[in-house]
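Dear colleague,

Please find the structure below, handed over for your files.

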Amino acid sequence: MRDESTEAARCPMEQRLVLDPTGRSRDAESAELCARGPATPVDILGVPAWAVADPELLEGLLRDPRVSKDGHRHWPDFEELVPTWPLALWVSARNMFTAHGADHRRLRRLVGAAFTTRQVAALAGRIEALTAALLDDIALTPAGTVVDLRERLAHPLPIQVIAQLLGLPDALRDSFRQTVDRVFSTTLTPEESAANAAAFYGMLDELIAAKRERPGGDMTSRLIAVRDTEGDGGALTEEELRDTLLLVVSAGYETTVNLIDNAITLLLTHPDQLDLVRAGKAGWDDVVEEVLRREAPVAHLPLRYAVEDITLPGGVTIRRGEAILAAYAAAGRHPVRYGEDGALFDVTRPVKDHLAFGHGPHFCLGAPLGRLEARTALRALFERFPRLALLPGAELEPVESLISNGHRSLPVLLTQDD
């Protein structure tokens, strides 16, 4: 049963900050979270939690062994809330994203081999070729025609890369993309979310069956080999196999889609910053890190849980079993680390650190790959189309999500000739 005595649950609804599931209030929410203090009671689609926006505090909690991501073990509300919560998949899957302690280390080790520095560097040529092909296709657009760069570049590049890593058949790519988009949506009903999860698992089962029949050198085949060789009770259960693939497919491209999308948007709306890059006063690495800080691709990441009571600076206590939400979008602009101009986009900003890829044991394994894809795409795009511009008068609408931070479309006009 739910423990209504916990502080987050006892906080009256009118005092909790109700997070906007459509993403339209993100900037205002980030400012409010920063203003309310280190940890704020919030409502996430009906679930109470502590949102942590202070980057110093959040960094500490992300590496604190008293904070778990395993809701099965450490969230007393799990059994009651998850069956009817639209974000159930985010806390119920069994993979390294939701594991804690020894289980997390075991699962992370199995996936980590695909994301070593050497493995990522080996993909550089392939990423450049994929980017060039996408830009070649975009270049065929008739003059004056609007191009949606989220659809034509930001989306296809990461999903093609992750498809290669996992060995996704071409026939499944579009279906996986549509399903992942709905995983990140926070406007679905519980029934719609459950149906989407079932469809996702159906596609994963199809992929696993195909790779068991005809294995290759991809990550899916390697994980299946680990599972089938060691069997029940070994390195990987069948449930963990499915959920690990679910994680890699989902997180493996959505974050990078938003990173590329936000980078293009910020550069086109801040031409002075693009000029600094072109003048050699800042590099593409500077752009990528500043975009990650200023517009974290994942705004809020559910959920973590206090394994025991945790008293924060200022006297607030997060009680054992209470949920914790990492508020990455707010943390990236917080004045405690970035000063009063934290909301400004400045590619020459001296403070480069941020928490957009997390911190501590759960730091994103795909961070080097995402950075490489974004750097490659941005450099090639702005070299190929030096007079690229947003469609005049375009109103960029956010994706309908309190998790994913990007745009529904990114309409631009392009010119190849300088």
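I begin with the largest pocket, to whose lining α15 gives the most, with four residues. Helices and strands here are DSSP runs numbered from the N terminus (helices H or I, at least four residues; strands E, at least two). A pocket is an open set of points on a 1 Å grid over the protein atoms alone, with protein on both sides within 12 Å along at least five of seven lines; a cavity is a set of such points where a 1.4 Å probe fits but cannot get out, and lining residues have an atom within 4 Å of a point.

Please note that this is a predicted model, in which local features need pLDDT of at least 70 and side-chain atom pairs count only at pLDDT 80 or more, while totals for chains, interfaces and linings use all residues. Residues are numbered from 1 along each chain as its sequence is written, and side-chain values use heavy atoms, with hydrogens and water left out.

Pockets

The largest pocket has a volume of about 400 Å³, a volume being the space filled by probe spheres set on the grid points, which are joined across faces, edges and corners. Its lining comprises 20 residues, and Asp 27, Glu 295, Leu 396, Asn 405 and His 407 lie nearest the centre. Besides α15, the helix α2 (26-36) supplies at least two residues of this lining. By class, the lining of the largest pocket has six nonpolar, eight polar and six charged residues. In this classification Ala, Val, Leu, Ile, Met, Phe, Trp, Tyr, Cys and Pro count as nonpolar, Asp, Glu, Lys and Arg as charged, and the others, Gly among them, as polar.

The second largest pocket holds about 290 Å³ of space. It is lined by 17 residues, of which Arg 150, Asp 181, Val 399, Glu 400 and Arg 408 are the closest to its centre. Two or more lining residues come from each of α10 (149-154) and α12, with α12 giving the most, four residues. The class count for the second largest pocket is two nonpolar, six polar and nine charged residues.

Cavities

A search of the whole structure finds two cavities of 30 Å³ or more. The largest cavity has a volume of about 690 Å³. Of the 38 residues that line the largest cavity, Phe 97, Leu 247, Ala 251, Thr 255 and Cys 364 lie nearest its centre. Elements that give two or more residues to this lining include α7 (102-112), α12 (170-184), β6 (300-306) and α20 (367-384).

Among the residues lining the second largest cavity are Pro 86, Trp 90, Arg 182 and Asn 196. The elements giving two or more residues to this lining are α6, α12 and α13 (190-213), and α13 gives the most, with three.

Sheets

Six strands form an open sheet in the order β1-β2-β3-β9-β6-β4, with mixed pairing; two strands pair if DSSP finds at least two bridges between them. At the edges stand β1 (17-18) and β4 (67-68), each with a single partner strand, so one side of each is left without a neighbour in the sheet. Two bridges join β4 to β6, and these strands run antiparallel; Val 67 stands opposite Ala 306 in β6.

An open sheet of three strands has the order β5-β11-β10, with antiparallel pairing. Its edge strands are β5 (147-148) and β10 (389-390). Two bridges join β5 to β11 (residues 411-413), and the bridge partner of Asp 148 in β11 is Pro 411.

Nonpolar core

The largest nonpolar core has 135 residues, and those with the most contacts inside it include Ile 44, Trp 75, Ile 264 and Leu 303. Such a core is a set of buried Ala, Val, Leu, Ile, Met, Phe, Trp, Tyr and Cys residues joined through side-chain atoms within 4.5 Å; buried means under 20% relative accessible area, exposed over 50%, and partly exposed in between (1.4 Å probe, protein chains only). With 15 residues, α15 gives the most to this core. Beyond its neighbours within four places in sequence, Trp 75 is in contact (heavy atoms within 4.5 Å) with residues including Val 47, Trp 85, Leu 303 and Tyr 305.

With kind regards
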